Amino acid sequence: DLSTERRHQGELSKCVIKKRGGAIFSPATPAIARIASQQTPPSMKTLALADADKTPVPQLAFGTGTVVAGTDFSAYVLPALEAGFRHIDTAQFYQNETMVGEGIKAFLSSRPDVKRSDIFVTTKLSELGKGERVEESLQLALERLGLDYVDMYLIHSPYVTGEREGGIRDVWEEMIETKRKGLAKNIGVSNFNRKLIEEIMSGGREAPSMNQVSMLLQRVACHR
């Protein structure tokens, strides 16, 4: 199901990956952002989430991920959005939610024809302090992003328990509450296996609408 294509763009040689039936998260780098800004905005395909509303999610997301955590991405989110990206992926752990929010704000200010609801924003709960509730952590993330809500809120890993007696099940229950309150339109997990997903769903709890997993580009063979 994977097809790859190598494209050489001066300083950047990258692998463009297409995967049927799943969202692909692009590695966000300054070089990619610069190249993206020079291209004609693509028509982004969407996928339907596994929820009652079949929420559409842009299949290709502009990631601000782990390898560039802490980097000022405000200057790169803007050209990515101008290039046609409508899904931005960040996380508490990446330490760049503020910069991502600044990039989104700058884009919306320059494009009155684009609404906030046209941009799908994903962020992730990466850690919880002892006694800290999920809602508190998400409220802080929203402040950093400058948003009233996120479109997708994920538990970054199954180790995010905040020393709760009920472990990850209790964390998931609090995730569900953030959705009930409208702080997150959708909730999901990241790097969970089947057993863990079944665990958080035990007792009839709501199922996660996304499980985001890693795909390391350097392990995918590139060819023309």
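In this predicted model, the N-terminal end of helix 6 is capped by N193, a side-chain oxygen of which lies 3.2 Å from the backbone nitrogen of K195. The helix itself spans residues 194-201, and within this stretch L196, I197 and I200 are buried. These three residues cover an arc of only 100° around the axis, which puts them on the same side of helix 6. Such an arrangement is in keeping with helical geometry, since an α-helix has 3.6 residues a turn, so residues three or four places apart point the same way. On the face of helix 6 turned away from the buried side, the exposed residues R194 and K195 are found.

The cover over the buried residues of helix 6 includes one helical element, helix 5 (168-180), together with strand 10 (187-190) and strand 11 (211-212). Beyond its other end, helix 6 is followed by G203, a residue whose phi is positive, near 80°.

Helix 5, which is part of the cover over helix 6, also packs with helix 4 (residues 134-145), the two axes lying 9 Å apart and meeting at an angle of about 50°. Helix 4 and helix 5 are therefore oblique to each other. On the side of helix 4 the contact is made by V134, E135 and L138, while helix 5 contributes V171, E174, M175 and T178. When these residues are grouped by class, the contact of helix 4 with helix 5 comprises 4 nonpolar, 1 polar and 2 charged residues.

Notes. Residues numbered from 1 in each chain as written. Predicted model: local features only at pLDDT ≥ 70, side-chain atom pairs only at ≥ 80, totals over all residues. Heavy atoms only, no water. Buried < 20%, exposed > 50% of the residue type's maximum accessible area, 1.4 Å probe, protein only. Helix = DSSP H or I, 4+ residues; strand = E, 2+ residues; numbered from the N terminus. Arc of directions from axis to C-beta. Contact = heavy atoms within 4.5 Å. Polar contact = N/O pair within 3.5 Å; in protein donor to acceptor, adjacent residues only side chain to side chain. Axes fitted to C-alpha atoms, helices over the stretch in contact; angles between N-to-C directions. Parallel < 35°, antiparallel > 145°, perpendicular 65-115°, else oblique. Nonpolar A, V, L, I, M, F, W, Y, C, P; charged D, E, K, R; others polar.
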